[in-house]
Amino acid sequence: MYFLTTGSNFLKIISLVKQVVNSRQISLTRMAKSKFEYVKEFERDDCCLPNCWIVVRIDGRNFSKFCDAHQFTKPNDVAALQLMNRAAITVMEDFKEIILGFGQSDEYSFVFRKDTQLHKRRASKLMSIVNSLFASSYVYHWPRFFQGKELYYPPSFDARVVLYPTDKNLRDYLAWRQTDVHVNNLYNTCFWNLVLQGKLTPSQAEEKLRGTLASHKNELLFQEFGINYNKEPPLFRKGTTLIRKLVPDGTGRLKPAVVPLVDDIIADRFWKENPEVIGLKSLATYQPPNLVNNATPSPTANIKHINNTPPSSVPNVNSIKKEAHPTMSRESDGEKMQCESERICRR
């Protein structure tokens, strides 16, 4: 009887202790919510519209100064372009929701799946994580591409989010960015040849090029410097396109990989050969070019479509294919956009 009474009292004590603890927790929770949680009302709802392609574009901030400080080769520094590509590949390795990246000079565009629910489609979240990872990757991989060259200060990039409701809108955006590559690179090639070889001052070179069309610039390069612009490296004239493919890993198996291509993404051919990009279909296999073969196929000629694509790890693939036939289809587009798009990128 004694033990029964003692046990009963013990249980009552335990029950009272639980009630005190619970009431204390409820009191603290209610106080926190009533006194402090109102600040959440100041947060803006920035969720992207559904069923739209989400594009995050980053751009170098004060990059002319950064390029001058680190003595980048003008008009194009191959190591700097490769570093941009490596940073972009890191971003796509981390975020499998990105289906395509396109880069040139000091900018990169990342296209998220139109049905992505990553971070509840919050624009601020998507923009900040892409921008921060890209910038940190740029610094992290710097020693690999600029061996022996010190990074004097950290680079910075601005970013924006743009929504495109239709596939055509998205293609037109990417076509605009690739046309921008052509316009800017043609201008910069002329500008820096006039400065470095023609011994003009920057102001004199800018004045000489003011109001000229693409045809005039091509003629200037050929007549004064013996440069055929159409034979300049495609990487400089077309930018780099990153897409996902299934790549042989050397053991007879296929692995998803981020594949860098230098290709024309304005014409229909690229999109017909890579329907999974916009169609959100299963990945296709990619075979690196046969360097022994003298005939150079198109950048996506060796792609075969395969079902069941596990989006697991995404290793880096550094093979950048060269174009087979330089296209002149963008010449007229470049002339039309030249007056509004030209800028001096002193890389």
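Colleague: Is Thr 241 buried or exposed?
Modeller: This is a predicted model. Thr 241 lies in strand S5, residues 240-248. Its relative accessible area is 0%. Buried means under 20%, so Thr 241 is buried.

Colleague: How many aromatic pairs does a search of the whole structure find?
Modeller: Rings pair if their centres lie within 6.5 Å. With that cut-off, the search finds 22.

Colleague: Phe 72 and Trp 142 form a pair; is it stacked or edge-to-face?
Modeller: The ring centres of Phe 72 and Trp 142 are 6.3 Å apart, and the angle between the planes is 25°. Planes under 30 degrees apart count as stacked. The pair of Phe 72 and Trp 142 is therefore stacked.

Colleague: How many residues apart are Phe 72 and Trp 142?
Modeller: Phe 72 is in the loop between helix H2 (63-69) and helix H3 (78-94). Trp 142 belongs to helix H5, residues 142-145. The pair links distant parts of the chain, and the separation is 70 residues.

Colleague: Why does Phe 72 count as buried?
Modeller: The cut-off for buried is under 20% relative accessible area. Trp 142, its ring partner, is buried at 2%. Phe 72 counts as buried because its relative accessibility is 5%.

Colleague: What kind of aromatic pair do Phe 134 and Phe 157 form?
Modeller: Phe 134 sits in helix H4 (residues 123-140) and Phe 157 in strand S4 (residues 157-164), 23 residues apart. Both Phe 134 and Phe 157 are buried. Their centres are 5.1 Å apart, with 85° between the planes. Over 60 degrees counts as edge-to-face, so the pair of Phe 134 and Phe 157 is edge-to-face.

Colleague: Over which ring does the charged end of Arg 177 sit?
Modeller: Lys 74 has its charged end over the ring of Trp 192, 5.3 Å from the centre. For Arg 177 the distance to the ring centre is 4.3 Å. The ring under Arg 177 is that of Trp 176.

Colleague: What is the handedness of the crossing of H6 and H8?
Modeller: Helix H6 (residues 167-196) and helix H8 (residues 214-225) pack at about 35°, axes 10 Å apart. The crossing of H6 and H8 is left-handed.

Colleague: How do the residues of the contact of H6 with H8 divide?
Modeller: H6 brings residues including Leu 186, Tyr 187 and Cys 190. Among those from H8 are Leu 220, Leu 221 and Phe 225. The division is eight nonpolar, three polar and two charged.

Conventions:
Residues numbered from 1 in each chain as written. Predicted model: local features only at pLDDT ≥ 70, side-chain atom pairs only at ≥ 80, totals over all residues. Heavy atoms only, no water. Axes fitted to C-alpha atoms, helices over the stretch in contact; angles between N-to-C directions. Helix = DSSP H or I, 4+ residues; strand = E, 2+ residues; numbered from the N terminus. Left-handed = near helix turned anticlockwise from the far one by under 90°. Contact = heavy atoms within 4.5 Å. Nonpolar A, V, L, I, M, F, W, Y, C, P; charged D, E, K, R; others polar. Phe/Tyr/Trp six-rings, centres within 6.5 Å; stacked < 30°, edge-to-face > 60°. Buried < 20%, exposed > 50% of the residue type's maximum accessible area, 1.4 Å probe, protein only. Lys NZ or Arg CZ within 6 Å of the ring centre and 35° of its normal.
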